Amino acid sequence: MAANMYRVGDYVYFENSSSNPYLIRRIEELNKTANGNVEAKVVCLFRRRDISANLNTLADSNARDFEEESKQPSTSEQQKHQLKHRELFLSRQFESLPATHIRGKCNVTLLNETDVLTGYLEREDCFFYSLVFDPVQKTLLADQGEIRVGSKYQAEIPDKLAEGDSDNRVQEKLETKVWDPNNQLKDPQIDQFLVVARAVGTFARALDCSSSIRQPSLHMSAAAASRDITLFHAMDTLQKNGYDLAKAMSTLVPQGGPVLCRDEMEEWSASEAMLFEEALEKYGKDFNDIRQDFLPWKSLASVVQFYYMWKTTDRYIQQKRLKAAEADSKLKQVYIPTYTKPNPNQINAPGSKPGMNGATGYQKGLSCESCHTSQSQQWYAWGPPNMQCRLCASCWIYWKKYGGLKTPTQLEGATRTGSDAAPRGHMTRQEVQGMSPFTSSAGRAKLLAKNRQTFILQTTKLTRIARRVCQDILQSRRAARRPYASINANAVKAECMIRLPKAAKSAMKNRLIPRPSLNNIVKELAVQAPLKLKAPRGAPTPINRNQVNQPRSASALLGKRPFDNAGGNSLSTNGRPFALGMRAANQSVIKRQKVSQGDAPNPVVFVATKDTRALRKHLTQAEMRRAARKPHLPVRIKLPVPPRPLPVPIVPPSTSEPIVLED
């Protein structure tokens, strides 16, 4: 009964997906909705798999520094791997989740120097955190609420002086004396001086314009003058004047007027106090964030002093009563029964048909991906469906609680992306393909820049046999379409060892593919696509603007390949006609377009001209496709006949003689 009772402040597991690990949250509030359901307002905690690779590197550096400072015992690689699953990152992000999704309790503590990291591995459902993660800014910061326990936080106590030894330390540098209880004044005299100091403070507030506006009544001015700041100033005045009342009186009222002492309660305006209350409601007693986000013009000492003075006001008492009444109306605890429904990822659920949730076709004899055991009462599908990976019952519970496998595997490292680490098996096809370096222009340019470096993968004989024997598991065509997706080689080898004795009895059919020699391939390519001489790369080719209306050659249409000349005009490699003679005064020079090496895998770049693009419009779609398939053949085009110009009527020249009309 107590295990299923959840209260405010408990750290619990939430399940938002049947295949993903549990979410770890801290319950802040339990609210009852209008339809009778219970919702929990929780604080989000993140795992290492939920943050980017750069932040994981920063967390690793922080972990190494902690191990060196706290002198942790040496751990194995497997223990280091499992400790990463126990580390969480606190955040200030809140969300509301249904209480019916709670799957159990866990324990989360703040890491300090006295803790032994291996102790977390010995306890179930135990986690730790030392850094705070900001999901919006994507940053990791040290927790401000660090418990300062350890040798470096202890005071250094000097040795005790022996009898007769003198203390050679300078007392003025160690401390400042502010009050001497063995003074010549009596207590009634000190009380009378304090009353005079309050009266001077009230009179000073009446003379001050800003104070008279904030405290228009005499009672408010007297109350402000009776605060601790006035009493501290009066006692400090007595100490500085050697407890001489006459000198102290003259110090309280100098030549310029009475001394006015104000604390933070008087310095802050009403709007600033409202901002402080709003920030205190959001951040609590995190004064650094309160100052940074709400009151940047105030100092940290001013914010802290105002907080402790604000706690002595009626405003604080009133808000405390309202919060207590609101807390009484909310739920204190909620009972959630144990979740007993079968998980959809079960391969063979007891009492149900095998092959649920894409688990059909799982081969017998496959071992657990984490502990490599082959015997378990229940198996669960894990990872991408085409990989056919599975986990035993104990490793599945470990995966759901701690978000990883007991032993590091290649597939587990491949199921995490760079920024938002989610298992690739639970992503859409578009999301998986988006992770390929071929989908971005930057990735393509980077690959094209290194296209001259090649490598050869040489397979073993057992690997070639496994491709034939386990063809249904490997799915070579599917793997060839997705070369960036990982292949579970352990599962393929394990299944191959099971099928190999049976396959050895039946002769395998080898398909012989006749392949021509390299010399024949080179000769055939030379016949189909003969090499063309390139134009000399010298001075830029001039273009006569008066030649726009002349018939162009059809081989300049595509502008991407060097074609044979047609129509009697010789063409250069970029589709422009060669100029005859020298350049005239009205001719201009077309600048060459600079193309980066990453965008141009070919060594030659052809730039289409304006005339070439205009001639392309006269080609049909079938002619364009035919020219693209056979770029070495010339393209012929029939230009439309230009319309004949209309005859212009001849108008006789005008004369200056008058026109005479006769009957």
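Hi everyone, this is a short tour of one protein chain, and please keep in mind that the model is predicted.

Let's begin with the overall build. The chain has 663 residues, and 32% of them are buried.

Next, the inside. In soluble globular proteins, nonpolar side chains tend to be buried together. Here, the largest nonpolar core holds 15 residues, and the ones touching the most other members are I24, L88, C106, V108 and F127. Which elements give two or more residues to this core? They are the strands β2, β4 (38-46), β5 (87-98), β6 (102-110) and β7 (126-134), together with the helix α15 (393-402). Strand β6 makes the largest contribution, with three residues.

Finally, let's talk about confidence. The chain's mean pLDDT is 75, and 71% of its residues reach 70 or more. Which element comes out highest, and which lowest? Strand β2, residues 11-14, has the highest mean pLDDT, at 95, while helix α18, residues 441-448, has the lowest, at 41. Over residues 413-452 the pLDDT stays under 50, and the model gives this stretch 52 contacts beyond four places in sequence. Residues 540-591 also have pLDDT below 50, with 88 contacts in the model beyond near neighbours in sequence.

How values were computed. Residues numbered from 1 in each chain as written. Predicted model: local features only at pLDDT ≥ 70, side-chain atom pairs only at ≥ 80, totals over all residues. Heavy atoms only, no water. pLDDT = per-residue confidence, 0-100. Helix = DSSP H or I, 4+ residues; strand = E, 2+ residues; numbered from the N terminus. Contact = heavy atoms within 4.5 Å. Core = buried A, V, L, I, M, F, W, Y, C linked by side-chain atoms within 4.5 Å. Buried < 20%, exposed > 50% of the residue type's maximum accessible area, 1.4 Å probe, protein only.
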